[in-house]
Amino acid sequence: MLIDTLKPHHVLAIVAHPDDIEYYCGGTIKKWTQSGVTVAFVVVTSGDKGSQDIHADIDHLIRVREQEQRDSGRVLGVEDITFLRYPDSELSFVDHKVLRGAFVRHIRRTKPDVIFTHDPFVRFKRQHADHRVVGRLALDAAFPIATVAQCYREQIVDEGLSPWQPGDALLFGTDAPTYISDISATLAVKQQALLTHQSQQSAFDGGMAERLRWRAQTIGSPHGLSAAEEFLHVQLGVSLPNKEQS
Ligand SMILES: [Zn+2]
């Protein structure tokens with residue numbers, strides 16, 4: 001198990017829904033922004049299915065959820081947030097080449113050392129279909145597509161972007177964690193950030209702050225940590241000195 005071995009300068013989190021970041025990696029993001037790391041978010045949908053009220057004003061819901069995400073970003077120290085505004089819970093049916101191209105664009109624009117996204121390989125845990133789609137396409141974008149100049153070449157020719165290879169991916173919602181991040185110092189901020197998503201409080205079924213604390217404690221305690229987040233680590237960049245990856 002790797003524990004806090006990554007020391008990035010630039011980080012990009014690509015997620016399906018508002019509030020995914022806070023739940024899965026908010027503590028690690030706050031820890032890193034506090035130490036000067038720049039972090040950007042790409043949020044694929046604006047959570048337009050996130051209401052049990054069958055008569056809900058969907059345009060209003062989208063505005064509320066995007067504002068909650070921006071407010072939460074401020075709590076976590078993140079201003080660079082892009083909403084792609086795809087339809088919630090329908091990502092299996094949208095144009096994946098276009099969606100992957102959006103991920104490539106933001107990788108080339110923000111030049112991250114580390115990418116956060118959903119683990120698309122989950123076998124033994126339930127998973128939202130949007131998470132599976134976003135994780136797979138984000139991982140594909142991060143290796144090798146973003147680094148191949150002839151892929152989405154219009155981004156390079158017309159938009160002035162350059163190929164970029166992120167070094168590592170941290171995949172969350174995983175059933176096979178290999179990387180632990182100590183969030184003992186930032187758990188309270190993670191709780192605060194998730195609670196910023198007030199429109200989702202009924203879905204959270206109350207007690208979310210306590211649930212987050214219990215979860216972080218459960219992950220951390222085998223490693224002597226009072227609170228932690230867990231990820232599946234995937235090395236994307238060239239591994240030196242023996243360059244065995246291809
Ligand atoms: Zn989600």
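How many bridges join β5 to β6, and do these strands run parallel or antiparallel? Five bridges join the two strands, and they run parallel.

## Basis of the description

The structure is a predicted model, in which local features need pLDDT of at least 70 and side-chain atom pairs count only at pLDDT 80 or more, while totals for chains, interfaces and linings use all residues. Residues are numbered from 1 along each chain as its sequence is written.

## Overall form

The chain holds eight helices and eight strands, where helices (H or I, at least four residues) and strands (E, at least two) are DSSP runs numbered from the N terminus. The C-alpha trace spans about 50 × 45 × 35 Å along its principal axes. For 246 residues a compact globule would have a radius of gyration near 18 Å, and the 17 Å of the chain agrees with this; the radius is taken over C-alpha atoms, and the globule rule is 2.2 Å times the number of residues to the power 0.38.

Of the 246 residues, 41% count as buried; a residue is buried if 20 or more other C-beta atoms lie within 10 Å of its own, exposed if 12 or fewer, and partly exposed in between, with C-beta atoms placed from the backbone. Among contacts between residues at least 6 apart in sequence, 79% join residues at least 24 apart, a contact being a pair of residues whose C-beta atoms, placed from the backbone, lie within 7 Å.

## The sheet

An open sheet of eight strands has the order β1-β7-β8-β6-β5-β2-β3-β4, with mixed pairing; two strands pair if DSSP finds at least two bridges between them. The edge strands are β1 (2-3) and β4, each of which pairs on one side only.

The parallel pairings include that of β2 with β3, over six bridges, and that of β2 with β5 (residues 114-118), over three bridges. From β2 the chain crosses through α1 to β3, and this β-α-β crossover is right-handed, in the sense that, with the strands pointing away from the viewer, the path from the first strand over the helix to the second runs clockwise.

Antiparallel pairing is found between β6 and β8, joined by four bridges, and between β7 (residues 179-182) and β8 (residues 228-235), again over four bridges. Residue by residue, Phe 116 has Leu 170 in β6 as its bridge partner, Leu 170 in turn has His 233 in β8, and Asp 182 is partnered by Ala 228 in β8.

In β6 (residues 168-172), five of its five residues are buried. Both faces of this strand are covered, with Asp 168, Leu 170 and Phe 172 buried on one side and Ala 169 and Leu 171 buried on the other. Strand β2 (residues 10-15) is also mostly covered, five of its six residues being buried.

Within β2 lies Ala 13, which counts as buried because it has 27 C-beta neighbours inside 10 Å. Ala 13 stands opposite Phe 41 in β3 and opposite Phe 116 in β5. Leaving aside residues up to four places away in sequence, Ala 13 touches Ile 21, Cys 25, Ile 29, Val 39, Phe 41 and Phe 116. Ala 13 and Lys 190 are 177 residues apart in sequence, and their C-alpha atoms are 15 Å apart in space.

At 1.5 Å a residue, the 19 residues of α2 (residues 58-76) should span 27 Å, and the end C-alpha atoms are 27 Å apart, which agrees; the expected span is 1.5 Å times one less than the number of residues. The buried residues of α2 are Arg 65, Glu 68, Gln 69, Ser 72, Gly 73 and Leu 76. Seen down the helix axis, they fall within an arc of 140°, so they line one face of α2, the arc being that of the directions from the helix axis to the C-beta atoms. The face turned away from this buried side carries the exposed residues Asp 59, His 60 and Arg 63. Just after α2, Gly 77 takes a positive phi of about 85°.

The cover over the buried residues of α2 includes α1 (20-34), β3 (38-45), β4 (80-86) and α6 (187-195). In α6, the residues Leu 187, Val 189, Lys 190, Gln 191, Ala 193 and Leu 194 are buried, and the buried residues of this helix pack against α1, α2 and α8 (208-220).

Terms used:
Contact = placed C-beta atoms within 7 Å.
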